[in-house]
Amino acid sequence: MFLLLGGLAFAGAALAAPLPEQAAMLGLADASRCLTCHDVNDTVRGPAWRDVARRYRGKPEMEEALVKKVYEGGGGAWGDDTMSANKRVGIENIKVLVRWILTLP
Ligand code: HEC
């Protein structure tokens, strides 16, 4: 996954110079299948990631709990639907993704 992330970061830098991180993170989210249920701007099955960032802005202590929730799956925060576990993605990749999601403007 990290090799993949490195490759995507490089591709992102070449294709979208101003936002290499964004391109790399979207690539990782896509490879991790998050994008089957999420979008940065729009609510899909799960909440828009900008809405997630807005809700937890200024609450860095939430990061760990969110990482755990994405890894193990869970519900109750946004509606009746639940997020299935994403263990195959790996906790390190999930940390990278959640950290990025929380920085979205
Ligand atoms: C099967 C669909 C699905 C997939 C795949 C999925 N999610 Fe979710 N996600 C959801 C749903 C539904 C919720 C809302 C859960 C709730 O209401 O607590 C959610 C909530 C979240 C939240 C907010 C949690 C909270 O308590 O506020 C984050 C962050 C998140 N997802 C990140 C991810 C990441 C990163 C991935 C990929 C590794 C991912 N999701 C994959 C459906 C999904």
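**Fold and ligand site of the predicted model**

Among contacts in the chain between residues at least 6 apart in sequence, 47% join residues at least 24 apart. The model is predicted. Its chain holds five helices and two strands. Along the sequence these elements follow the pattern α-α-α-α-β-β-α. The chain has 105 residues, and buried residues make up 30% of them.

The ligand sits in the largest pocket. Helix H3 (49-55), H4, strand E1 (74-75) and E2 are the elements that give two or more residues to the shell around it. The largest share, three residues, comes from H4. In total, 26 residues surround the ligand. The closest are Cys34, Cys37, His38, Tyr56 and Met83.

An N or O atom in the side chain of His38 lies 2.8 Å from a nitrogen atom of the ligand. Lys69 places a polar side-chain atom 2.6 Å from a ligand oxygen atom. At Trp78 the backbone takes part: one of its polar atoms is 2.6 Å from an oxygen atom of the ligand.

Helix H4 spans residues 63-72. Its buried residues are Leu66, Val67 and Val70. These residues lie on the same side of H4, because they cover an arc of only 100° around the axis. An α-helix has 3.6 residues a turn, so residues three or four places apart point the same way. The cover over the buried residues of H4 includes strand E2 (82-83) and helix H5 (91-103). Just after H4 comes Gly73, which takes a positive phi of about 85°.

Met83 is one of the closest residues to the ligand. Met83 is found in strand E2, an element that helps to cover the buried residues of H4. Is Met83 buried, partly exposed or exposed? With a relative accessible area of 25%, Met83 is partly exposed; the cut-off for buried is under 20%, and that for exposed is over 50%. Which residues does Met83 touch, not counting residues up to four places away in sequence? The contacts are with His38, Lys69, Val70, Gly73 and Gly74. Met83 and Cys37 are 46 residues apart in sequence. In space, their C-alpha atoms are 8.7 Å apart.

The loop between helix H2 (20-31) and H3 holds Ser32. Arg33 is found in this loop too. How do these two residues stand in terms of exposure? Ser32 is buried, with a relative accessible area of 4%. Arg33 is exposed, with a relative accessible area of 64%. The side chain of Ser32 reaches back to the backbone oxygen of Leu28, at 2.7 Å. Arg33 stands out in its backbone: its phi is near 70°, a positive value in a residue other than glycine. Most residues other than glycine have a negative phi.

Notes. Residues are numbered from 1 along each chain as its sequence is written. This is a predicted model: local features need pLDDT of at least 70, side-chain atom pairs count only at pLDDT 80 or more; totals for chains, interfaces and linings use all residues. Side-chain values use heavy atoms; hydrogens and water are left out. Buried means under 20% relative accessible area, exposed over 50%, partly exposed in between (1.4 Å probe, protein chains only). Helices (H or I, at least four residues) and strands (E, at least two) are DSSP runs, numbered from the N terminus. The arc is that of the directions from the helix axis to the C-beta atoms. Contact means heavy atoms within 4.5 Å. A residue is near a molecule or strand if one of its heavy atoms lies within 4 Å of it. A polar contact is a pair of N or O atoms within 3.5 Å; within protein, one must be able to donate a hydrogen and the other to accept it, and residues adjacent in sequence count only if both atoms are side-chain atoms. On a 1 Å grid over the protein atoms alone, a cavity is a set of points where a 1.4 Å probe fits but cannot get out, and a pocket is an open set with protein on both sides within 12 Å along at least five of seven lines; lining residues have an atom within 4 Å of a point. A molecule sits in a cavity or pocket if more than half of its atoms lie within 2 Å of its grid points.
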